[in-house]
Amino acid sequence: MSILILLRHGESQWNLENRFTGWVDVPLSPKGEQEAAEAGNLLKDFRIDKLYTSVLMRAIDTASIALQVAGKLNIPTRRDEALNERNYGDLQGLNKAETAEKFGDEQVKIWRRSYDVQPPGGESLKDTAARTVPYFCNHIMKDIIAGENVLVVAHGNSLRSIVMSLDNMTEQEVIELNIPTGIPLVYKFDEKGEIESKGYLSGKDG
């Protein structure tokens with residue numbers, strides 16, 4: 001049996017400020033650092049053979065803090081922009097509430113949660129999935145099938161696209177999917193690479 005652990009980075013400074021972040025490389029907030037440490041406590045009893053992260057510091061730092069707290073050092077690591085957050089284009093840096101006032105709540109919800117609608121100058125979730133899912137299948141899933149336990153520390157939308165693929169979710173179902181910050185989501189696979197179970201380590205229903 002192999003294990004895949006998906007972890008969304010802890011709260012970033014722009015999460016705290018309610019801004020669209022996307023590919024902007026912002027640091028963790030103090031709360032985000034604490035969330036990363038709490039995730040590390042939850043991971044202490046897991047064997048982790050390989051780490052994958054995006055190239056953005058909020059994911060890299062979350063992984064570093066979590067693994068240090070878990071007492072798991074020198075784990076082979078791969079970083080790739082294929083796992084980066086969805087690019088929000090012209091919305092990056094804008095306050096979400098102010099953007100909703102300008103364009104309307106419904107339009108902003110469509111930009112944020114829909115599957116195939118792009119924000120101005122940015123990526124839709126479908127676009128994000130077009131880079132995350134092939135990378136997941138070509139690298140991470142191969143490690144899982146080879147019997148390794150893998151930790152992936154990435155972002156809300158890059159992880160949403162991966163979960164959508166793993167769980168065979170429809171475009172409508174993924175609209176309501178939210179990946180919480182700092183709470184590990186664990187998938188257990190059999191030797192054939194089939195999912196046996198999944199769930200959040202905090203006890204939340206996966």
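These legends accompany several close-up views of a predicted model. Residues are numbered from 1 along each chain as its sequence is written, and side-chain values use heavy atoms, with hydrogens and water left out. Because this is a predicted model, local features need pLDDT of at least 70 and side-chain atom pairs count only at pLDDT 80 or more, while totals for chains, interfaces and linings use all residues.

View 1. Let us start with E4, residues 150-154; helices (H or I, at least four residues) and strands (E, at least two) are DSSP runs, numbered from the N terminus. Five of the five residues of E4 are buried, where buried means under 20% relative accessible area, exposed over 50%, and partly exposed in between (1.4 Å probe, protein chains only). Val150, Val152 and Ala154 point one way, and Leu151 and Val153 the other. In a regular strand, side chains alternate between the two faces of the sheet. Strand E1 (residues 2-8) runs parallel to E4 and is joined to it by five bridges; two strands pair if DSSP finds at least two bridges between them. Look for Leu6 opposite Val152. E2 also runs parallel to E4, with four bridges, and here Thr53 has Val153 as its bridge partner.

View 2. A salt bridge is a side-chain nitrogen of Lys or Arg within 4 Å of a carboxyl oxygen of Asp or Glu, and the count comes to five. Asp143 and Lys50 form one of them, at 3.4 Å from N to O. Asp143 belongs to helix H6 (residues 125-145) and Lys50 to strand E2 (residues 50-53), 93 residues apart. Both Asp143 and Lys50 are buried. Glu17 and Arg19 make another salt bridge, with the closest N and O atoms 3.0 Å apart; Glu17 is partly exposed at 33% relative accessibility, and Arg19 is partly exposed at 30%. Arg47 pairs with Asp49 at 2.8 Å, and Arg47 is partly exposed at 45%.

**View 3. The largest pocket.** This pocket holds about 370 Å³ of space. On a 1 Å grid over the protein atoms alone, a pocket is an open set of points where a 1.4 Å probe fits, with protein on both sides within 12 Å along at least five of seven lines; lining residues have an atom within 4 Å of a point. Grid points are joined across faces, edges and corners, and a volume is the space filled by probe spheres set on the points. Of the 20 lining residues, Arg8, Asn15, Glu85, Lys96 and Arg112 lie nearest the centre. Helices H5 (105-113) and H7 (156-166) each give two or more residues to the lining, and H7 has the largest share, three residues. By class, the lining has four nonpolar, eight polar and eight charged residues (Ala, Val, Leu, Ile, Met, Phe, Trp, Tyr, Cys and Pro count as nonpolar, Asp, Glu, Lys and Arg as charged, and the others, Gly among them, as polar).

**View 4. Helix H7 and the residue Asn168.** H7 is largely enclosed by the rest of the structure, because ten of its eleven residues are buried. Among them are Asn157, Arg160, Ile162 and Leu166. Just after H7, Asn168 takes a positive phi of about 55 degrees.

**View 5. The second largest pocket.** Here the space is about 150 Å³. The pocket has 13 lining residues, and Leu51, Ala63, Ser64, Leu67 and Thr77 are the closest to its centre. E2, helix H3 (57-70) and strand E3 (77-79) each supply at least two lining residues, with the largest share, five, coming from H3. The lining divides into six nonpolar, five polar and two charged residues.
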